[in-house]
Amino acid sequence: MEPRARSRSAVTAAAALLALTAACTGGTVQGRPGASGLRDPYFPKAGNGGYQVEHYDLDLDYDPADGQLDGTAVITARAEQGLSSFNLDLAGLRVEAVRVQGAAARYNRTGNELTVRPAEDLKKGEVFRTEIDYGGRPKSLADPDGSEEGWIRTEDGAVGVGEPVGSMTWFPGNHHPSDKATYDITLTVPQGYEAVSNGELRSRTATDDGRTEFAWHSPEPMASYLATAAVGKFKVTTGRTASGVAVYNAVEPAEAAASAGPLARLPEMVEWGSSRFGPYPFGTAGAVVLPEATLAYALETQTKPVYSGAPGSEELVLHELAHQWFGNSVSPKSWKDMWLNEGFATYAEWLWSEDHGGTTAQARFEAFLAGDTEVDEEAGSDWAAFPPAAPPGPEDISGAPVYYRGAMALHRIRQVVGDEKFFDLLRGWAADHRHGNAGTADFTAYAQERTGHDLKKVWDVWLYGKGRPRP
Ligand SMILES: [Zn+2]
C-alpha cells in the first residue's frame, strides 16, 4: 500500500461481545467456544481463536449490473482446541446455510461475527470442513484512517480489497494476517467480463447459461487481507519473466496506454528482486489496473497488486512487487508490525533507484534528515511523528513514519553492519520466514544474530524512540 495521510477520525468498529456457553454433547468430547477475536493490538476483533484455516475454496457468482454476489465458501480448518462453537468474520451479506462436516450447523450473527455451532463438538487437532452459503450486495467499509476498503463497485465491475479487515465484506473467514491459508477462488460473471484473482488461472469456462467461470488457484499460503477479486472489462496480457515466472496483467482499457510504461518493467523487477531478496516467493506475478479513482491507494494483493488507474510511476510498481517478499510471503504477526511491510517496500524502492543509476539510499537517508524535498518529496512528510514499530493507533498504521522512518531504520542497520551483512540479512529474513509470519521482536533478534552486531541503539532510536532521531 502507499502511505496515507494521518486521519481525521478514529472510529473502530466495536462488535458486541458474544457470550456462549459450551454445549455438552454427553460424549467424551467436550469443546468450548473459540475466541471471537485474536486481540490484535489495533483490531482486537479481527480473526478468531480456536482453529487455523488450511484452505479456502470460494465459489462466487457476481452480477456487475446489480451488484449481487452469491457464494459458497468451503473452509477447511484444523481445530486447535476442542470446539463447541467457533467464529468467522463476516460483514453484511445474508447467510443462508452452514454445514460442518456435512451436517447442518446452527449459527447466529452479532456485529461482524458469525458464530457457528456444529452438531457435534470438534476435537482438538481435527481437520474439519465448513460450508457457508451466502449472498447479497457486498459493501465497502471505512478504515480508521478514513480510507475505503472491502467490496468496491466500479462503473462496470467491482473489486474486493482487504487491508486490514475489508475481506470480511465479501467472504467469511479468519480475517487476521496470522492465519494464512491456500485458496481456490472461482468467479462466475456475465459473458464479456473478465474476472481476476490471486495466483494462476486454472480454467476459463463458458457456462450453460451464457456466463464465464474463471477458476483461480493460489498454492502458496496467503493472508486474507491480500485476497482479491476484480471484475471488469479488462484488457488481459500475459507473459513470462526471464526465469519463467508467469505474468498476468488485467488493465482497464482506458488506462492501458498510461499503464504500459510502468508495467513493462515488471518482469525485470521480478528478476531484480530475486537477486536482491532471494527467489520470488510465488509462481505468478502481474497487476490489476482498475478504473481511475476506484481506490485512494494501490494494494499489494498477492501475486497481482491492484492499482487505481494507471500506476503513477515505476517506483510504485516496484513497491507493490517488493511486498510479495515483505508482507505477503513474510507476513506480519499483528497490525502493529506494519513497518515490516512498508519500511521494507519503501527501502526496496530506494535500492531499485540506487541499482539503476538513480539516487543512492544514503543520499535519500540524508535528504530525509535534512528535509530536502528536491531529492525525495516525501522528505517533507511528517516521517518522525511517531516510532514506526509503535504507531499510536489503528489510524496510524499507514502513516508516513511506518514507511519512511521504517526505511531509514533499515538504512541505519546497513550503515552499522556494512553492505555484505546487510544484504545477507535481507535475504536471510525472506528465506527463513518464507510463507510465514513474523513480528518486530523476531526481526530485531534475527538481525542481531545474523549480523553479529549489537543493534539495540538502532531499535531504541529508530523503531521505538519517541523524538525525532538525530544521526
Ligand atoms: Zn506498501
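This is a predicted model: local features need pLDDT of at least 70, side-chain atom pairs count only at pLDDT 80 or more; totals for chains, interfaces and linings use all residues.
**View 1. The whole protein chain.** Here you're looking at nine helices and 23 strands. The radius of gyration is 22 Å, close to the 23 Å that the globule rule gives for 471 residues, so the chain is as compact as a globular protein of that length. Its C-alpha atoms fill a box of roughly 65 × 50 × 40 Å along the principal axes. Buried residues account for 50% of the 471. Take the contacts between residues at least 6 apart in sequence: 67% of them join residues at least 24 apart.

**View 2. Helix α6 against helix α7.** Two packed helices are described by the angle between their axes and the distance between the axes. For α6 (residues 400-417) and α7 (residues 419-432), the angle is about 135 degrees and the axes are 7 Å apart. The two are therefore oblique to each other. On the α6 side, Ile413, Arg414 and Val417 meet Asp419, Lys421 and Phe422 of α7. That contact is made up of three nonpolar residues, three charged and no polar ones.

**View 3. Alanine 258 in helix α1.** This residue belongs to the helix spanning residues 256-264. Alanine 258 counts as partly exposed because it has 16 C-beta neighbours inside 10 Å.

Key
Residues are numbered from 1 along each chain as its sequence is written. Axes are lines fitted to C-alpha atoms, for helices over the stretch in contact, and angles run from 0 to 180 degrees between N-to-C directions. Helices (H or I, at least four residues) and strands (E, at least two) are DSSP runs, numbered from the N terminus. Angles under 35 degrees count as roughly parallel, over 145 as roughly antiparallel, 65 to 115 as roughly perpendicular and the rest as oblique. Two residues are in contact if their C-beta atoms, placed from the backbone, lie within 7 Å. Ala, Val, Leu, Ile, Met, Phe, Trp, Tyr, Cys and Pro count as nonpolar, Asp, Glu, Lys and Arg as charged, and the others, Gly among them, as polar. A residue is buried if 20 or more other C-beta atoms lie within 10 Å of its own, exposed if 12 or fewer, and partly exposed in between; C-beta atoms are placed from the backbone. The radius of gyration is taken over C-alpha atoms; the globule rule is 2.2 Å times the number of residues to the power 0.38.
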